[in-house]
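Let's take a friendly walk through a protein model together. Please have a look at the sequence and the structure, and then read on.

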Amino acid sequence: MSILSRPEFHDEQAAYDYVEARIWPHGATCPKCGERERVSKMGGNSTRIGVYKCYKCRKPFTVKVGTIFESSHVKMHLWLQAIYLMCASKKGISSKQLHRTLGVTLKTAWFMSHRIREAMRDDTLASFGAGGGVVEVDETFIGVDRTVKPKHSKKGRGYAHKHKLLSLVDRTTGRAKSMVVDDLKTKTLLPILQENIAKEAVIFTDEAGLYKYLRKDFAGHEFVRHGVGEYGRGEIHTNTIEGYFSIFKRGMKGVYQHCAKKHLHRYAAEFEFRYNNRVALGADDRVRSDMALIGVCGKRLLYRDSLA
């Protein structure tokens with residue numbers, strides 16, 4: 001039987017039950033006052049699916065309140081389909097494809113995908129390399145920053161006009177973290193590295209000058225010289241993070257094609273989420289979807305904010 005034949009993907013009540021079981025593992029909780037005991041599900045023919053009432057603050061609520069689903073008119077079972085499709089697609093799924101698959105408007109599909117990316121975002125500081133592990137650090141460039149190179153301006157070489165993405169990969173845990181940065185100056189990147197990498201870590205990079213003084217802040221720093229054709233010297237290489245970038249760029253160029261800087265952090269979070277919850281780390285498509293579903297709380301995104 002197809003995975004997409006599961007009840008929660010087609011039946012609205014089953015969809016609500018599925019979401020409630022993951023967001024409220026200890027039972028229905030009022031999002032306004034936090035009450036759990038004096039809460040009951042409302043019945044009646046005219047009552048909407050999934051409505052509860054809190055008898056402490058006297059307010060009705062659903063599992064949607066305080067999540068990416070709040071105020072959405074899209075059926076919950078379609079939300080679950082969209083989440084599954086985005087989590088199961090290694091290189092992403094376009095808004096146009098979601099629009100055709102789910103039967104919603106293109107505008108709705110675009111906004112749904114951005115809300116789901118918000119659920120995938122993990123803004124907590126990492127502690128890569130804890131215990132003296134190896135952390136690979138590298139940067140990549142993608143797209144065109146229109147604040148630097150306006151539309152219809154002459155094409156040029158170099159990377160100054162491109163969006164810049166800094167990424168880290170912890171070899172021990174196999175996890176990655178990416179940040180959109182404004183420039184590649186040491187004074188910009190060093191604080192980011194210090195916040196996300198343990199001092200006892202050993203850093204592996206390429207020969208870029210911006211990493212020149214990392215040995216002062218971490219236990220060690222080794223690099224390979226890509227400029228002279230050196231891509232590995234024993235265990236010293238950045239091939240792991242290059243592999244991460246290859247998936248990111250194939251998705252961004254082949255599926256999404258265009259991305260403004262104001263949205264790039266969400267796309268980076270999407271690829272980071274799938275990479276950190278991949279099969280090699282024990283997370284299949286269903287587990288990955290459940291992880292994204294757990295992350296929907298407290299991340300409401302308004303349409304006007306997504307355009308800002």
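Contact here means heavy atoms within 4.5 Å. This is a predicted model, where local features need pLDDT of at least 70 and side-chain atom pairs count only at pLDDT 80 or more, while totals for chains, interfaces and linings use all residues. Residues are numbered from 1 along each chain as its sequence is written, and side-chain values use heavy atoms, with hydrogens and water left out.

Let's start with His163. You will find His163 in strand E5, residues 163–170; helices (H or I, at least four residues) and strands (E, at least two) are DSSP runs, numbered from the N terminus. Leaving aside residues up to four places away in sequence, His163 touches Thr140, Phe141, Ile142, Gly143, Val144, Asp145, Cys259, Ala260, Lys261 and Leu264. Is His163 buried or exposed? His163 counts as buried because its relative accessibility is 4%; buried means under 20% relative accessible area, exposed over 50%, and partly exposed in between (1.4 Å probe, protein chains only).

Next, look at charged side chains. The structure holds 14 salt bridges, each one a side-chain nitrogen of Lys or Arg within 4 Å of a carboxyl oxygen of Asp or Glu. One of them joins Glu118 and Arg266, whose closest N and O atoms are 2.8 Å apart. This pair links distant parts of the chain, since Glu118 sits in helix H4 (residues 106–120) and Arg266 in helix H7 (residues 261–276), 148 residues apart. Both Glu118 and Arg266 are buried.

Another salt bridge connects Arg121 with Asp123, with 3.2 Å between the closest N and O atoms. Arg121 is partly exposed because its relative accessible area is 22%, whereas Asp123, at 59%, is exposed. Arg215 and Glu222 also meet through their side chains, at 4.0 Å from N to O. Salt bridges that share partners join Glu118, Arg121, Asp123 and Arg266 into one network.

Finally, turn to a sheet. In which order do the three strands of this open sheet lie? The order is E1-E2-E3, with antiparallel pairing; two strands pair if DSSP finds at least two bridges between them. Strand E1 (39–41) and strand E3 (60–61) are the edge strands, and each pairs on one side only. Between E1 and strand E2 (residues 52–54), which run antiparallel, there are three bridges. Lys41, for example, has Tyr52 in E2 as its bridge partner.
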